[in-house]
Each structure stands twice: as C-alpha cells, then as structure tokens.
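Student: Hi! I have just opened this one for the first time. Could you walk me through a few parts of it?

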Amino acid sequence: MSASTISSDLRPSPVAASVDFERDGVQHGHLKLPYSRDDSAWGALMLPIAVVKRGKGPTVLLTGANHGDEYEGPVALFDLARTLVADAVSGRVIILPAMNYPAFRAGTRTSPIDKGNLNRLFPGRPDGTVTQKIADYIQRHLLPLADYVLDIHSGGRTLEFLPFAAAHRLPDAAQEARCVRAMMAFNAPYSMMLRELDAVGTYDTAAEEMGKVFVTTELGGGGTARAETVAIAKRGVRNLLIHAGVLEGEPERSPSSFLDMPDGDCYIGSLGGGLVELAVDLGARLRRGDLVARVHDVERTAGAVAEYRAARDGVLAGRHFPGLVQTGDTLAVIGVPTAAPT
Ligand code: ZN
C-alpha cells in the first residue's frame, strides 16, 4: 500500500450531515456534498436524509435508489420519512431514500456525473469521484451506526423480477441466519437466497463484512414501480422495523415462497444481440431443458433464431425487460423452490 493511499484512507469525508444522529426526535435534513461545476462554482449535492430516534435501542438504516432507476425504495422511504413519529420508535431509524441522488434525479442506474455505479464502488474514497465520496460516507459514517440494514432494489430499466426479499450465503452461519430471519420478516411474496453475479464493491458486501443484519430486495423493475410492488415495499419496511424491535405492533404476514440459487446455472446470459421473445413469464415453472427465450436476428429476415433453455428446474424469477438484447445481457434468472429454513 502506498503512502498516498494510506493518507487518503484517513482523510475526512467531504460530506456534512445537517442532522444529529444522536438527538432524539424527528429530523429532516441533508447530506451535503460539495460539488463545484460549471453552473454552480461553490455548489453542493444535497441528499435528503431523515433520522427518527427515541431513547436507546437498535438502529435500522433504510436505503433506496442505490440505483437511480428503481422506485419502490424511494416511494416507500420518502413516505415513511414524512409520516414516522418519534413516539412510535424505540431506538433509531435512519432513512436515506435516494442514496445515489444524482442518478435518482436523472432516472438512470448510474450517476450522470461520473457514471458511477454506487453498488460497485464500496468502500468508496473520500478523495474520489462524486459517487465514490457518497459510498465512503455511507461506509464510514452510516453503516457503523446500524444494527439492521435494508436496501430496497428493483430491476431498473433493464430487468424485471418476481417481488423478492433476499439474503446471501455468508461465511458466518449465525450472521447468515440473522439475515435470513430478517428477510423472512420483510415477508415479500418470494424470499431468495441470492447468488450475486458480481458481489465485489457492493453495499451488501460492505454491510455484511461489518457484521450487520442485511436484507436486500428486487421488487419489480422496468424503470417504474407498480401499486403492488410499492405496497410490498411499505409493508416490508414496517415488518422489518417490528422485527428489529424499533416499532411495536403485529407484522402483516402472508405466504412467501422460498427460492434458492444453488449455482451459476440460475443465470441465462445472451450470447448474441437481437430481438427477445420470452417463452414464459415471471413466476412460470420450468423444467430443465424447457425453452425460456428466443433471440431473433434483426439484420435479415432469414436470420437465425437463438434458443435459450433452462439448465435446471425452477421458476422464472427475473427477466430482461427491454425488447432488444445485447451480447452478454442477463436474459433470465431461475430460482429453485426449496423449503424455507426453520
Ligand atoms: Zn439495483
């Protein structure tokens, strides 16, 4: 490690919070990140944040728009921030409805400022790009405060999922069990042991490596939010706050189907570009060898059709959303129904 790297790691974050995380009551404020640019020489990005605290108790960190084109999180969390009262809380709720705020305002997955994908840039850098600075602040100033972390994703503009909450397989079995219990408490229609394609640099990994109880979701997609998926997000947030002991009351429970992703065969990637024809819709049962999608050559009428088949039994849990696909895109994700852990 070079000397410059070491000093960078110790540099304070340029982000200033206008809320006091130790104060009781409801506070609405901003994380202010200086951002000097052509249209604002001494300007700043202002990320909305709310803190609701009463006395001692666990801290739950709730985040949305880690990717800027996923909307269930921001809808549920802006709503919660406006309505949660301190008297209802035992402990602390930190609400950051739009983590990658520039991406959220642009309606894009990554930041329009530096093309930063926040969920690949943890632990971030205090002296890096705008997105790296957001990651660094969350890594060093928000995650350490939390006992429970819920990060609400959906598929964004290019993917669509069955609505599921997810946990990951972890080296620490006791921590994994705590995460699975919290995922089940969220109580989405599906609960997934998620095998990530690319876990390096994710917020998930950052939180899990700190020992936090971490739950993520994929609640829909297509670059919008539906009434059903927003309702799942709102209900899941409340259920998780009750599970953590921060809110009192009875959780709203309904059946949740447990899905596993035992290996990389659960992902079907496109080997060529073209026009997608899905053979089945989300939730469909698949047998190994079943046709999942066809991709048509669009450069000639007599072109080939590529067929993509299920490599294992399961259900279609995720799909490519746009009508056109490029080489390397994820076409489909298969989840394998299994018994829920007891
Ligand atoms: Zn996402």
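Predicted model: local features only at pLDDT ≥ 70, side-chain atom pairs only at ≥ 80, totals over all residues.

Student: Great. Let's start with S10: how many of its residues are buried?

Tutor: Six of the six residues of S10 are buried, so the strand is largely enclosed by the rest of the structure. Val213, Val215 and Thr217 point one way, while Phe214, Thr216 and Glu218 point the other way.

Student: And which way does S6 run when it is joined to S10, parallel or antiparallel?

Tutor: Parallel: S6, residues 148-152, is joined to S10 by four bridges. Within that pairing, leucine 150 has valine 215 as its bridge partner. Strand S8, residues 164-167, is joined to S10 too, but by three bridges and in the antiparallel sense. There, alanine 166 stands opposite threonine 216.

Student: Okay, new topic. How many aromatic pairs does the structure hold?

Tutor: There are six. One of them is phenylalanine 122 with tyrosine 203: the ring centres are 5.2 Å apart and the planes are at 35 degrees, so this pair is tilted.

Student: Where in the chain do phenylalanine 122 and tyrosine 203 sit?

Tutor: In distant parts, 81 residues apart. Phenylalanine 122 is in the loop between helix H3 and helix H4, and tyrosine 203 is in helix H6. Both residues are buried.

Student: What about tyrosine 203 and phenylalanine 214, how are those rings arranged?

Tutor: Edge-to-face, with 5.9 Å from centre to centre and 85 degrees between the planes. Tyrosine 203 lies in helix H6 and phenylalanine 214 in S10, so the pair ties together parts that are eleven residues apart in sequence. That brings us back to our buried strand.

Student: Nice! Which residues do ring pairs link into a cluster?

Tutor: Tyr71, Phe78, Tyr101 and Phe104.

Student: How many bridges does S13 have with S15?

Tutor: Four, again in the antiparallel sense. Valine 276 has valine 295 in S15 as its bridge partner.

Terms used. Residues numbered from 1 in each chain as written. Heavy atoms only, no water. Pairing = 2+ DSSP bridges. Helix = DSSP H or I, 4+ residues; strand = E, 2+ residues; numbered from the N terminus. Phe/Tyr/Trp six-rings, centres within 6.5 Å; stacked < 30°, edge-to-face > 60°. Buried < 20%, exposed > 50% of the residue type's maximum accessible area, 1.4 Å probe, protein only.
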